[in-house]
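The structure is shown first.

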Amino acid sequence: MVSKPIQYVGGELNAVTKDWQDVTVHWALMYPDAYEVGAPNQGVQILYEVLNERSDALAERTYAVWPDLEALMRQHRVPQFTVDAHRALGDFDLIGMSFSTELGYTNMLTALDLAQFPVLSADRNDEHPIVVAGGHAAFNPEPIADFIDVAVLGDGEQAVGLITDIVGAWITAGKPGGRSQVLKDLARTGMLYVPSLYSVEYLPDGRIHRVTPVDADVPWRVSKHTVMDLDQWPYPKAPLVPLAETVHERMSVEIFRGCTRGCRFCQAGMITRPVRERSITGIADMIDNGLQRTGYEEVGLLSLSSADHSEIADLARNLADRYQGTETSLSLPSTRVDAFNVDLANELSRNGRRSGLTFAPEGGSERMRKVINKQVTEDDLIRTVTTAYAAGWRQVKLYFMCGLPTETDDDVLQIAQLAREVIRHGRQVTGRRDIRCTVSIGGFIPKPHTPFQWAAQLDHATTDSRLHKLRDAIRADREYGKAIGLRYHDGKPGIVEGLLSRGDRRVGPVILEAWRQGARFDGWSEHFSYDRWMTAAASALDGTGVDVDWFTIRERQQAEVLPWSHLDSGLDADWLWEDWQDALSEQGVDDCRWSPCFDCGVCDQMGTEIQVGPTGVVDLPMPSIAPSPVLAGGT
Amino acid sequence: MSRQAPVRDVVPAVQKLRIHYAKRGRLRFSSHRDFQRALERALRRCQIPMAYSQGFSPHPKISFANAVPTGVASEAEYVEIQVTALCDPVKVAQALNDSLPEGLDVVEVVEAHTADFIDRLQASLWRVELPDVSADQAASAISALLAADEVQVTRKTKNGLRTFDARGAIVSLESDSGDLGAEWTMSGSGCAILKAVTRHVTPSVRPDDLLSALRIVADLEPPTPPRVTRLAQGPLNLESASVDDPFVDDRAV
């Protein structure tokens with residue numbers, strides 16, 4: 001038997017299986033990673049519900065199968081199937097792929113191949129489903145342009161509706177003009193990117209010359225989607241509750257979308273602007289309703305920086321009151337470094353454990369934090385963690401990055417100094433020696449649509465050597481070193497991610513070759529092979545004049561046409577460049593929620609606006625809890 | 001701040017309820033841990049007033065007994081819960097049944113009036129469907145197995161490979177032929193259906209151990225994966241070589 005067979009059988013609480021014949025448009029939604037990672041994904045759950053609420057459409061789900069099942073499926077000619085009704089992927093009209101990370105690309109190829117249709121979109125015909133890519137990685141879909149038919153930038157709730165309308169009308173009319181016609185219909189909206197309708201020309205030095213639509217009625221630029229008024233979109237209303245164990249065993253509520261803190265490395269913060277808050281009453285309703293429908297014990301308040309919600313203090317107090325004395329616990333992914341965040345965490349853990357708190361200073365030195373626009377001083381950090389230790393928290397986790405632009409060994413070594421100060425103050429304020437600080441370090445990867453999109457990525461050898469120096473510095477600290485934990489990965493996987501993040505269409509053949517050589521589950525260290533990717537890149541890029549270094553560790557100039565220049569995230573290219581220059585001169589930029597607009601361009605370009613409270617609601621009505629229906633006596 | 005568990009109002013348990021449930025269809029692939037989580041969530045959705053343990057991480061008082069292996073269906077699984085307010089077992093059964101996913105089905109809930117429930121689960125009745133195996137093949141393999149005094153089988157457990165006797169736990173074993181339909185069999189032909197009563201011993205002898213024993217004594221290799229169901233669990237009736245209903249004593253009160 002395959003390992004954990006439950007992940008392939010569906011039947012989750014709140015899953016929906018509609019009759020195939022009753023609808024016109026059939027979607028298969030795929031999160032291209034293992035079920036345990038993909039099933040809790042909010043994006044897929046939202047689209048699953050939004051689509052299934054339509055009378056003319058249905059959506060089922062599928063996830064990447066582990067190699068043990070893949071081998072059996074190949075042996076018995078079983079196609080990639082959905083977990084809901086166990087239908088073959090080839091039966092569907094549309095396949096929606098959600099890419100949170102580029103490391104899912106090879107899993108997409110496995111699924112398309114197992115589905116028994118061509119992995120190259122050019123080889124597919126009218127009988128095959130249309131493959132749509134979404135998620136953050138779709139903001140530069142050029143590396144997978146050969147495999148997908150359509151890419152969606154931005155929020156999916158309304159985008160899937162637009163696609164369903166167009167494809168549904170085409171199906172109802174008897175598919176006039178075939179596949180090429182419907183793709184053109186989709187592209188003409190200017191809101192859906194069809195890579196095959198754009199041609200890319202290169203300069204002799206390997207840079208892109210230009211990207212042009214192949215037809216007169218195909219727009220030059222494609223815009224992202226932005227959902228306004230989150231209270232109108234309270235999804236998921238009935239979150240899926242898997243039987244299998246997954247990475248997030250909780251009920252998650254997105255309390256706002258977007259972030260304008262302006263951290264220059266953060267693609268999520270740049271591409272999801274502006275900030276749109278869900279109201280305090282909308283959040284409370286979603287939690288009440290979701291807990292009743294799931295039976296989860298834990299609620300997570302999600303967003304890119306949850307402590308920034310304009311009504312977070314009232315929300316935390318109300319929720320803590322509401323669930324006091326119950327086994328329901330509340331959690332806030334804490335990243336903001338300030339004492340207020342500790343107060344919030346204290347409030348939310350009123351009746352629970354105080355095990356660990358997480359903060360993300362991201363840069364080890366004061367100078368580095370100015371470069372990345374993380375406006376946190378060492379004093380802020382020490383004050384924050386001291387407050388946390390004093391309030392009974394025993395463990396503090398600190399997130400940093402290595403390989404940031406302009407970084408030197410010294411910037412990274414200052415992480416050791418910072419951690420040492422954290423422990424020293426913690427011991428002082430608590431009078432105890434059992435407090436701990438875990439330092440977690442991720443390698444920085446420059447991402448499209450950020451001010452660092454022009455930056456050179458740090459090569460893996462230098463990354464590794466810096467991290468080893470840091471490790472040695474912590475080990476050498478006799479007084480505090482044992483209280484400091486260090487977690488990091490080597491720099492090689494980051495180079496592959498960097499290649500996929502900022503690659504262009506010439507990277508497609510690299511992905512195909514790596515997959516043919518066995519690349520699967522590239523986000524899992526036990527499956528990932530750097531050498532396999534480099535071998536694939538060497539052969540697939542042979543003769544192009546460019547190589548992995550060219551895509552990763554090369555700094556770009558302002559005039560260069562980037563692979564995603566024709567894809568509009570709303571950010572003004574000049575503003576991004578100025579912000580990049582400000583980074584190099586260590587200049588900060590404020591958050592537009594609390595300071596005047598600094599013209600990043602998004603709201604003007606997209607016709608959107610900041611939507612934040614406070615709404616004026618301070619106290620939430622307590623939900624009336626009906627007596628348990630199972631008690632003895634009564635009726 | 002010290003490492004003491006937070007002080008809570010501990011509400012004592014006033015009632016024990018025994019739940020008989022089935023694991024059917026595709027949910028036979030849920031593991032025991034999967035079921036545990038699903039049950040805990042269903043109990044919360046149904047507002048069943050669960051008693052909780054004390055300590056740093058209180059958990060609901062639930063005792064599980066003899067879970068079937070992952071992949072095996074069951075008509076006879078049992079679990080006991082403790083509640084802090086008197087509940088109507090019939091309403092609990094209905095509420096849980098409405099709340100659990102289809103395939104995890106509550107058959108009956110009784111209030112516990114007896115002790116040592118686990119000790120009453122002495123034996124299981126299994127049904128093992130062997131597609132593409134003829135009734136004759138199965139019958140001769142069974143004769144060979146029953147004729148042996150002892151058959152050592154090896155199974156991977158969480159503590160590594162273990163070898164033990166599978167014959168001793170077998171109270172009865174017989175075969176019949178049946179038709180599972182073309183969907184389940186490769187040849188579209190019939191299949192052999194085994195019925196076995198096994199004693200609960202340590203280490204437990206499971207249906208896959210029976211199949212290993214049949215392979216060892218008679219080279220019986222089913223070409224298609226077998227489909228196994230536990231039909232009953234309870235006190236062993238040696239006279240009739242059958243398994244009795246474990247709730248009889250609780251219902252009698």
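Predicted model: local features only at pLDDT ≥ 70, side-chain atom pairs only at ≥ 80, totals over all residues.

Arg74(A) belongs to helix H3 (residues 67-76) of chain A and Asp113(A) to helix H4 (residues 105-114) of chain A, so the pair ties together parts that are 39 residues apart in sequence.

The buried residues in H4(A) are Tyr105(A), Thr106(A), Asn107(A), Met108(A), Leu109(A), Thr110(A), Ala111(A), Leu112(A) and Leu114(A). Just after H4(A), Gln116(A) has a positive phi of about 65 degrees.

## Other salt bridges

Over all chains, the structure holds 66 salt bridges. One of the pairs in chain A joins Asp215(A) and Lys184(A), with an N to O distance of 2.8 Å. The two residues are 31 residues apart and link distant parts of the chain: Asp215(A) sits in the loop between strand E7 (208-213) and strand E8 (222-223) of chain A, and Lys184(A) in helix H6 (residues 178-188) of chain A. Asp215(A) is partly exposed at 28% relative accessibility, and Lys184(A) is partly exposed at 21%.

In chain B, the side chains of Arg230(B) and Glu77(B) also meet in a salt bridge, at 2.8 Å from N to O. Arg230(B) is in strand E10 (residues 227-234) of chain B and Glu77(B) in strand E3 (residues 73-83) of chain B, so this pair ties together parts that are 153 residues apart in sequence. Are these two side chains buried or exposed? Both Arg230(B) and Glu77(B) are buried. A network of salt bridges links residues from chains A and B: Glu245(A), Glu249(A), Arg33(B), Asp34(B), Arg37(B) and Arg41(B).

Asp464(A) lies in helix H14 (residues 460-475) of chain A. This residue is buried yet has no salt bridge. Which side chain of opposite charge is nearest to Asp464(A)? That side chain is Lys492(A), 6.5 Å away, whereas a salt bridge requires the nitrogen and oxygen to be within 4 Å.

Leaving aside residues up to four places away in sequence, Asp464(A) touches Asp490(A) and Gly491(A).

## Packing of H9(A) and H10(A)

Helix H9 (residues 312-323) of chain A and helix H10 (residues 339-348) of chain A have axes that come within 9 Å and cross at roughly 15 degrees. H9(A) is therefore roughly parallel to H10(A). The crossing of the two helices is left-handed.

On the H9(A) side, the residues in contact are Ile312(A), Ala313(A), Ala316(A), Arg317(A) and Ala320(A). They meet Phe340(A), Leu344(A), Glu347(A) and Leu348(A) of H10(A). An α-helix has 3.6 residues a turn, so residues three or four places apart point the same way.

Gln428(A) is found in helix H13 (residues 409-430) of chain A. With a relative accessible area of 56%, Gln428(A) is exposed, whereas Met108(A) in H4(A) is buried. The C-alpha atoms of Gln428(A) and Met108(A) are separated by 52 Å, and the two residues are 320 residues apart along the chain.

Conventions: Residues numbered from 1 in each chain as written. Chains lettered and ligands numbered in written order. Heavy atoms only, no water. Helix = DSSP H or I, 4+ residues; strand = E, 2+ residues; numbered from the N terminus. Buried < 20%, exposed > 50% of the residue type's maximum accessible area, 1.4 Å probe, protein only. Lys, Arg positive; Asp, Glu negative; His and termini not counted. Contact = heavy atoms within 4.5 Å. Axes fitted to C-alpha atoms, helices over the stretch in contact; angles between N-to-C directions. Parallel < 35°, antiparallel > 145°, perpendicular 65-115°, else oblique. Left-handed = near helix turned anticlockwise from the far one by under 90°.
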